[in-house]
Amino acid sequence: MQPASSQRTYDLVILGGGSGGYACALRAAQLGLSVALVEEDKLGGTCLHRGCIPTKAMLHSAEVADSVRESHRFGVRASLESVDMPALHAYKDGVVARLYTGLQGLVRSAKVDLVQGTGSLRSATEVQVGDQVLTGRHLVLATGSYARTLPGLTLGRHIVTSDGAMRLEQVPQRVVVLGGGVIGVEFASIFTSLGSQVTIVEALPRLVAGEDEAVSAQLQRAFRKRGITTRTGVSLERAEEDDDGVSITLEGGESLRADLLLVAVGRGPRTEGVGLAEAGVHLERGFVTTDSRLHTSLPGVYAVGDIVPGLQLAHRGFTQGIFVAEDIAGLQPAPIQESSIPRVTYCDPEIASVGLTLAQAEQVYGSVSSYEYNLGGNGKSQILGTAGFVKLVRVDGGPVVGVHMVGSRVSEQVGEAQLIVGWEALPEDVATYVHAHPTQNEALGEAHLALAGKPLHAHG
Ligand SMILES: Cc1cc2nc3c(=O)[nH]c(=O)nc-3n(C[C@H](O)[C@H](O)[C@H](O)COP(=O)(O)OP(=O)(O)OC[C@H]3O[C@@H](n4cnc5c(N)ncnc54)[C@H](O)[C@@H]3O)c2cc1C
């Protein structure tokens, strides 16, 4: 790690070295700005150490277990002996460690001063870290988020958040996942593949409630087929841990017994104890509010990442960090369109979407139509043995404003979907592009062909 230089005045002082903070630091350094990046834990933040990367490594192990278990479907005889949790963790931790080393090297070679310690705001230009004061022409707040729990729930050996679920020594037999959002369904998928019996309890009427309704319904069907029990529209009343597990009571009195209760009820902003309100930064329910250029209410102070209301995604943090660096350097970047940020949920089946759901598009545009291309007509999806669809939402006579996909590996299609929505393409425009056969990507092309009135492997 680079020691803080003796110079303590910078163009930019960034509080928090996660996705938003380090992306901002790297871009600012590229643009010739001097940067101090304050981090109290590990450079890389939630995404690298407790979020995106470790969970996706676990999901990959889960996929391997499923492939072995289902190998007979593809004419291959193999049997799954067991899941070796220490080895799974070693694989996951190895991936994280390699990326961490690479990131440290990037920050070092960019000549960003990485200051290790807990920082707090003293004013619009000063950050206190221990007994040092770092002065910045601009400050960027990027302190990220933490896993929320519910009042009355005490975390322990059998009641954990995603942080604890990544360090289990054994595969739990029975798991109750509290919360059917992105993190909840990803872990439900992991545990099921590793051999647990999983029940998801969700207070809202459907899983992944931020997604298009058709996607939620398809996921729920697919989860049912995988043996996952889903209890929607019901809240937790209480949960009590004992030596062997946890007893859970749902609203209405029904009780469940589990070896593990995973609490996945969302992530709160890490904005307490950082001196924000005291310095004059406006907060709403703990989040830092900004304008479209990510300025906070305090002049010269920006905020990026999970502390800013909106999608809590690493790539949004990266993009916001880059935006702020460019704004400070005077490049006048165009504001980020939150609605064209791609969203992926990496459970099995995967969900990938960008733009408006059908219900949202109806509200915004009034006259819209949608088309669902079933993966049953897509050769590669049949080869993989996956079910699902690509759903397009278009303004009548106008562009595609939403793409919603569900099925194995559909995350890989989100790049093209993003270009379509971001560039406000007409289905007729996309229909002129040739999609390679047999790929799952073809399903995206076929959906546009159908919406343009010339379906190929689909009914009109
Ligand atoms: C289980 C899980 C899975 C996820 N999967 C995905 C995924 O697949 N794709 C995706 O896009 N997103 C995913 N996310 C979300 C993603 O991790 C976050 O959106 C992203 O990390 C937010 O970046 P950030 O910079 O705002 O905050 P963080 O990454 O949380 O970084 C904030 C940093 O600030 C530091 N810090 C906080 N306070 C201080 C202080 N006072 N002084 C010094 N340092 C401080 C923290 O130590 C931390 O390192 C996942 C999250 C979780 C929990």
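This is a predicted model: local features need pLDDT of at least 70, side-chain atom pairs count only at pLDDT 80 or more; totals for chains, interfaces and linings use all residues.
The largest nonpolar core has 76 residues, among which Val-177, Leu-261 and Leu-262 touch the most other members. Helix α6, spanning residues 182-194, gives the most to this core, with 8 residues. Leaving aside neighbours within four places in sequence, Leu-261 is in contact with His-158, Ile-159, Val-176, Leu-178, Ala-239, Val-246 and Ile-248. A second, separate core holds 53 residues, including Leu-15, Ala-25, Ile-53 and Leu-134.

Helix α6 also carries Glu-186, which counts as buried because 24 other C-beta atoms lie within 10 Å. Beyond residues up to four places away in sequence, Glu-186 touches Thr-55, Leu-59, Thr-345, Tyr-346 and Cys-347; of the pair Glu-186 and Leu-59, the C-alpha atoms are 7.8 Å apart in space although the residues are 127 apart in sequence.

The backbone deserves a look as well, since most residues other than glycine have a negative phi, and most peptide bonds are trans. A cis peptide bond, with omega of about 5°, joins Asp-348 and Pro-349, and Pro-349 is placed in the loop between β20 (343-345) and β21 (350-355). Another cis peptide bond joins His-437 and Pro-438, with omega of about -10°, and Pro-438 lies in the loop between α13 (427-430) and α14 (441-451).

Positive phi values occur at Val-208, near 30°, and at Arg-285, near 50°.

Key
Residues are numbered from 1 along each chain as its sequence is written. A nonpolar core is a set of buried Ala, Val, Leu, Ile, Met, Phe, Trp, Tyr and Cys residues joined through C-beta atoms within 7 Å. A residue is buried if 20 or more other C-beta atoms lie within 10 Å of its own, exposed if 12 or fewer, and partly exposed in between; C-beta atoms are placed from the backbone. Helices (H or I, at least four residues) and strands (E, at least two) are DSSP runs, numbered from the N terminus. Two residues are in contact if their C-beta atoms, placed from the backbone, lie within 7 Å.
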